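Welcome, and thanks for opening the viewer. Keep the selection tool ready, and we will walk through this structure one stop at a time.

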Amino acid sequence: MSTQTYHVAVVGATGAVGQQMVKLLEERQFPIHKLTLLASRRSAGKQVSFKGEQITVQETTPDAFEEVDIALFSAGGSVSKQFAKEAVKRGALVIDNTNAFRMEPDVPLVVPEVNMGDIAKHQGIISNPNCSTIQMVVALKPIKDKYGLKRIIVSTYQAVSGAGNVALEELKEQSAKVLNGEAFTPEVLPVAKDKKKFQIAFNAIPQIDLFQENDYTLEEMKMVRETKKIMHDDTIEVVATCVRIPVFTGHSESVYVETEQEVNVEEVRQLLREAPGVIVEDNPAEQEYPLATRAAGRPEVFVGRIRRDLDRPNGLHMWVVSDNLLKGAAYNSIQIAEAYISKFKS
């Protein structure tokens with residue numbers, strides 16, 4: 001990594017992902033000479049610890065990006081649309097963790113283990129993919145390289161932390177009230193909009209984000225579109241069903257793929273063992289397979305239950321788990337920043 005140091009800004013520093021970004025910047029010893037923490041007016045004035053010092057959170061304004069080199073955004077799409085280009089105007093590279101720019105043709109959508117070279121194509125903004133997409137494409141990249149990919153069918157079991165801190169608090173409160181036999185009114189999930197709200201405690205909600213005209217949710221369509229863009233292949237057939245379950249942290253996915261060539265399961269396991277950022281946990285005889293509880297707090301993607309389809313020699317099933325706040329968001333963003341300054345910054 002370069003010996004140069006950088007002025008880094010974190011937008012959404014008091015949110016679940018923003019907090020992880022600040023923590024990772026410290027843990028990974030990112031070369032920083034100044035850290036600016038930004039959030040909404042409501043959160044401005046809060047104190048956040050970084051390297052033993054207390055940093056005061058500032059309100060996000062265009063002028064807050066003066067002299068910033070790298071701006072990490074994770075405060076929602078509307079905030080990114082309002083301020084990301086203001087940061088770019090002032091000379092910052094924006095790494096955006098929202099859906100605001102992901103499908104714009106001149107904005108790279110990057111998972112370093114899959115398409116790191118796309119960083120070089122940036123014009124001021126690099127997008128971080130959706131959390132559920134990231135872990136899936138990390139697991140599928142070595143399979144695509146070896147066998148080719150024709151079709152992906154994925155069902156997700158997504159943690160509540162993906163909906164933010166307010167959703168986490170609702171899960172905690174609902175769980176306690178259900179166990180105590182107390183009444184409550186759901187207020188947050190499945191979407192933080194003026195729509196119906198459902199109990200998440202001890203439940204599974206087959207809706208993440210708003211339904212689109214084709215009856216798939218926006219979360220599901222993100223997985224479809226983003227996978228094709230990241231893998232540079234519009235011919236891959238992708239379909240998703242995304243479900244919110246009462247887990248605090250860690251998204252799990254049942255992934256079925258059809259490859260262009262017949263698969264060898266043991267070879268697939270070995271390819272995944274050798275793949276960057278992947279840990280294989282796949283020993284059914286000993287009940288070894290990925291669990292959200294073990295993946296939480298870890299930056300890797302865990303893969304198990306690898307097995308060939310019963311009817312199709314080119315069909316493969318697997319179980320993919322990762323911490324949605326880390327590899328699915330903050331860690332992937334920091335990886336992009338690290339790759340940018342070490343390989344692509346002129």
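Before selecting anything, a word on pairing: two strands pair if DSSP finds at least two bridges between them. The element names come from DSSP too: helices (H or I, at least four residues) and strands (E, at least two) are DSSP runs, numbered from the N terminus. The model is predicted, so local features need pLDDT of at least 70 and side-chain atom pairs count only at pLDDT 80 or more, while totals for chains, interfaces and linings use all residues. Residues are numbered from 1 along each chain as its sequence is written, and side-chain values use heavy atoms, with hydrogens and water left out.

**Stop 1: the parallel sheet**

Select strand E1 (residues 6-11) together with strand E6 (residues 70-73). These two pair in the parallel sense over four bridges, and Val-11 has Phe-73 of E6 as its bridge partner.

Which strands complete the open sheet of six? Its order is E5-E2-E1-E6-E7-E8, with parallel pairing. Strand E5 (58-59) and strand E8 (125-127) stand at the edges with a single partner strand each, so one side of each has no neighbour in the sheet. To see how E8 is attached, look for the three bridges that join E7 to E8, which run parallel; the bridge partner of Asp-96 in E8 is Ser-127.

Helix H2 touches E1, E6, E7 and E8, and its direction makes about 175° with that of E6. Together, E6, H2 (residues 77-89) and E7 make a right-handed β-α-β unit. A crossover is right-handed if, with the strands pointing away from the viewer, the path from the first strand over the helix to the second runs clockwise.

Stay on E6 and show its side chains. Ile-70 and Leu-72 point one way, Ala-71 and Phe-73 point the other way, and all are buried. Buried means under 20% relative accessible area, exposed over 50%, and partly exposed in between (1.4 Å probe, protein chains only).

**Stop 2: the mixed sheet**

Move on to strand E11 (residues 251-259) and strand E14 (residues 315-322). They pair in the antiparallel sense over eight bridges, and Ser-254 has Trp-319 of E14 as its bridge partner. Both belong to an open sheet of six strands in the order E10-E9-E11-E14-E13-E12, where the pairing is mixed. Strand E10 (237-244) and strand E12 (278-280) are at the edges, each with a single partner strand, so one side of each is left without a neighbour in the sheet. On average, neighbouring strands here are turned by 20° against each other, direction ignored.

Helix H6 (residues 218-230) lies across strand E9 (149-158), E10 and E11, running at about 145° to E10. Helix H7 (residues 265-274) lies across E12, strand E13 (301-308) and E14, at about 170° to E13.

**Stop 3: two crossing helices**

Select helix H4 (residues 131-147) and helix H9 (residues 326-344). They pack at an angle of about 85°, with their axes 8 Å apart. That makes H4 roughly perpendicular to H9 (the term covers 65 to 115 degrees). Cys-131, Ile-134 and Val-138 of H4 make the contact with Lys-327, Gly-328 and Asn-332 of H9.

**Stop 4: backbone details**

Most residues other than glycine have a negative phi, and most peptide bonds are trans. With that in mind, find the cis peptide bond between Leu-189 and Pro-190, where omega is about 15°. Pro-190 lies in the loop between helix H5 (165-179) and H6.

Is His-232 buried or exposed? His-232 is exposed, with a relative accessible area of 52%. His-232 sits in the loop between H6 and E10 and has a positive phi of about 55° although it is not a glycine. Finish at Arg-305 in strand E13, which has a positive phi of about 50° and is partly exposed at 38% relative accessible area.

Note on methods: Axes are lines fitted to C-alpha atoms, for helices over the stretch in contact, and angles run from 0 to 180 degrees between N-to-C directions. Angles under 35 degrees count as roughly parallel, over 145 as roughly antiparallel, 65 to 115 as roughly perpendicular and the rest as oblique. Contact means heavy atoms within 4.5 Å.
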